[in-house]
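Subject: Structure handover

Hi,

Here is the structure for your files. My notes on what was found in it follow below.

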Amino acid sequence: MNRLTRIMTAMLPVLACAILIGVTGLYAQEAGAPASAVTAPLVQEAAPAAVPVQPKIDTGDTTWLLVSTAMVLAMTAPGLALFYAGMVRSKNSLSTIMQSFIILCLISLQWVLWGYSLAFGPDKGHLIGGFEWFGLNGVGLEPNVDYAATVPHQAFMIFQMMFAVITPALMTGAFAERMKFGSFLVFTLLWATFIYDPLAHWIWAVGGWVRNLGALDFAGGTVVHISSGAAALACAIVLKRRLGYGKEHMAPHNLPMTVLGASLLWFGWFGFNAGSAVASGALATSAFVVTNTAAAAAALAWMVVEWLYRGKPTVLGAASGAVAGLVAITPASGFVGPMASIAIGLGAGVLCYGAVLWKSRLGYDDALDVVGIHGVGGIWGALATGLFASKAINAAGADGLFYGNPAQLGIQAMAVLISVVFSFVGTFVILKLVDGLMGLRVSEEEERMGLDLSQHEERSYS
Amino acid sequence: MKMIEAIVKPFKLDEVKDALLEIGVQGMTVSEVKGFGRQKGHKETYRGQEYTIEFVPKVKIEVAVTDAQVSRVIETITRAAKTGSIGDGKIFVRDLTEAVRIRTGETGEIAL
């Protein structure tokens, strides 16, 4: 109880600060709103009843989307690969990098072959896309008005590919240091096909049932972060703890590598969020600004809370905080203003730090805190979107609770619940299946030896 | 003859070496070691997970000396390696029964 009181006391000032900034932000935004509303393009929600959009390729939009695509690729490799590799023990660092790197290759093919078709292809019963676009059949260089009227359809497709890539890569942090490489490949392929593709369809595709509920998810808070966070929890539970967890020394082997990775994630996240405007202009700029602001606020919040609670401001804490802030601003990035993004960032830093501390009490071994950062940060971000969203920022969005529309918060909570339940249960089933077929964990001897040597016959440092 | 074994803080190695050379010591063996005494290591915290690092890096200096040199060498190392804070290290002295210079085959004090 004493520890709990201490952490509560440490968090209070920051939380109070977050709420204050958020509320102040309401007035600031109302004052400056009309200017930003004028040119906000209607991208994600191309209103069907309104004036029909004339598909025409815009070179500026296409450039920004292609650059964004490359930036999101850099989030997975080298960003996430280094972020995670620095946090594991040196004997597993190469295998951790390999997981992110090979997911990039594996999902690139899966997406071209059937993933994009299942996620964004012609809707079947609001649940899944059809196979019509298998092998990118019909996905050409003309714009698709449903998703992006000003860029070639393939540009939209490959931008979305990078999201499909990073989502399973995020999860690798949960089962780091103990999963068989072959089983990991099979699991990833099944997960992408049966969890990611349907979920992306529900939330983003024309006709998707969660999208029809009116849920707001600008850049993938639910599809990417909540789904990977919930799946990570299933992984940690099914794969069980690493040998020696809680007894042996499992400190990060190279924190500079982790900070480099976190910084690359931050860099790439501009493509992730601002690129999700699928156009180069006002909305992309607004998303860019709030993305950076939230990351900065969250890094500071985590650092300060940890400083107050444990006595030292840690580097890993600051880096983790930045990532938590980026996660939280993701769903909100196209719907909120700068002041709201500070509140979202501060909240993310505090909540995710708390979640990471709580993990050790619950006893599951989510090795690199995917649940605490992507799950909790994603849920906070999705709910915060329901609080801070404003039509003044994006006319195609909706107003949140603080703008007089409490119903939006309910819809956001619904979308959170759907994603968590679907991803957790689905992942659990897939894991049990793969475990039954080929086993998930390496042998005790291989785990002691480290995955670099036992799975790949290589070492990071020789 | 005595073998003097000093465990000191790594950053003190150069000072100790220079001080010993000044009083006429001709050679020494140095190794990087880990251990703890009353200092008891330090704590590291990663995302709230605490690790106690008991074994602190130290440097071990081994010097073989004649009986006449012993007290001077001990006094010199003590002076050079001292910071006054906990963890300065220890000096152990043991009897040395034989020494051989491999190149010439000389034995005893002359081989030191």
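A term to begin with: a residue is buried under 20% relative accessible area, exposed over 50%, and partly exposed in between (1.4 Å probe, protein chains only).

Some ground rules. This is a predicted model, in which local features need pLDDT of at least 70 and side-chain atom pairs count only at pLDDT 80 or more, while totals for chains, interfaces and linings use all residues. Residues are numbered from 1 along each chain as its sequence is written, chains are lettered from A and ligands numbered from 1 in the order in which they are written, and side-chain values use heavy atoms, with hydrogens and water left out.

Chain A

Chain A has 15 helices and 2 strands. These are DSSP runs, numbered from the N terminus (helices H or I, at least four residues; strands E, at least two). Chain A has 462 residues, and 58% of them count as buried.

Salt bridges

A salt bridge puts a side-chain nitrogen of Lys or Arg within 4 Å of a carboxyl oxygen of Asp or Glu. Over all chains there are 18. In one of them, A:Glu177 pairs with A:Arg242, the closest N and O atoms being 2.4 Å apart. A:Glu177 sits in the loop between H4 (153-171) and H5 (181-204) of chain A, and A:Arg242 in the loop between H7 (221-239) and H8 (255-274), so the pair ties together parts 65 residues apart in sequence. Both ends count as buried: A:Glu177 has a relative accessible area of 2%, A:Arg242 7%.

A:Glu132 is partly exposed at 37%. A:Lys124 is partly exposed, also with 37%.

The interface

Contact (heavy atoms within 4.5 Å) joins 9 residues of chain B to 21 residues of chain A. The two chains bury about 1,100 Å² between them, 55% of it on carbon and sulfur atoms. Buried area is the accessible area (1.4 Å probe) that two parts lose on being put together, summed over both. B:Tyr46, B:Arg47 and B:Tyr51 supply 67% of the area that chain B buries against chain A.

There are 2 salt bridges between the chains. A:Arg310 forms one with B:Glu50, the closest N and O atoms being 2.6 Å apart. Within chain B, B:Glu50 also bridges to B:Lys43, at 3.9 Å between the closest N and O atoms. B:Lys43 is exposed at 56%, whereas B:Glu50 is partly exposed at 41%.

Best regards
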